[in-house]
Amino acid sequence: MGIWEQTGHDVRLDWGGEGVTALGRECAVLIVVDVLSFGTTTDLVVGRGGRVLPVRWRDERGVALARAAGAVIAGEGTFTLRPSSVTDIPPGTLLALTSPNGATLCAAAAATGARVLAGCLRNASAVAARAHELGGPIGVIAAGERWGVTMSGDGDTFGPLRPCVEDQMGAGAIAAALARLGCTLSPEAALAARVVDVAAVADCVSGRELTEAGHGGDVALAAQIDVSDAAPVLHEGVLR
């Protein structure tokens, strides 16, 4: 695995679950970046004084445990994975979020023993500062999507990786903030840091898909950069 680990740099970047496996072997901190929607929703919840319990995709036992812990289950009421659904969430709420990308990757990252943070464009600098405090090396995981895996239907739970513009932007914004703090970047992280164009979030495939489905408000929330001081860190299975 040596050539895949980006050894020698403070900040490394990779994609999806495979990236978690590769960087989890060498990084003390892993930042999961899922801009549309998990990372943005988590930022909004934590920013309002709430907590997020990530649950692996289609993990019925995980949902049952979350319910037993007193969590509100996203999708069973007012609150969902959509960022616009949580803008008025009451402080103190424990929200269980299940998703095939961000939530599942948080659980996988925790299993490596690394400290885990959830990042997005909104909290890029805040998350970078917190990760820097925790110490490195730091792995930034752009979530991407899985072809054939959708939030509804009976499709597969795992498909080939589809890299996404919005997660590249979010990961790049965090990497750029870490560089400003004096961290060295691997070539992968440095390339992402060079181009952070938030306008592309609305115009990329994922952004247009949500907008055409009537969820343009979610895209607008996700495309804001450095408007939040929240830096969600996973502690005992909960992002807070």
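Start by selecting Arg122: at 9% relative accessibility, this arginine counts as buried (buried means under 20% relative accessible area, exposed over 50% and partly exposed in between, with a 1.4 Å probe and protein chains only). Arg122 lies in the loop between β6 (115-119) and α5; helices (H or I, at least four residues) and strands (E, at least two) are DSSP runs, numbered from the N terminus.

A quick word on what you're looking at: this is a predicted model, where local features need pLDDT of at least 70 and side-chain atom pairs count only at pLDDT 80 or more, while totals for chains, interfaces and linings use all residues. Residues are numbered from 1 along each chain as its sequence is written, and side-chain values use heavy atoms, with hydrogens and water left out.

Now show what surrounds Arg122. Leaving aside neighbours within four places in sequence, Arg122 is in contact (heavy atoms within 4.5 Å) with Thr40, Asp43, Leu44, Leu221, Gln224, Ile225, Asp226, Val227 and Ser228.

Next, the largest nonpolar core. Such a core is a set of buried Ala, Val, Leu, Ile, Met, Phe, Trp, Tyr and Cys residues joined through side-chain atoms within 4.5 Å. Of its 40 residues, pick Ile31, Val140 and Ile174, which touch the most other members. Elements that each supply at least two residues include β1 (11-15), β2 (29-33) and β7 (138-142), but the largest share, eight residues, comes from α6. Then colour the second, separate core: it has 28 residues, including Val20, Val32, Leu221 and Leu239.

Zoom back to Ile31. Among its contacts beyond four places in sequence are Leu117, Val127, Val140 and Ile174.

Move on to strand β3 (residues 51-55). Four of its five residues are buried, so β3 is largely enclosed by the rest of the structure. β3 pairs with β5 (residues 94-98) in the parallel sense over five bridges; two strands pair if DSSP finds at least two bridges between them. Click Val52 and you'll find it opposite Leu95 in β5.

Last stop: the charged end of Arg162 sits over the ring of Trp147, 5.7 Å from its centre (the test is NZ of Lys or CZ of Arg within 6 Å of the ring centre and within 35 degrees of the ring normal).
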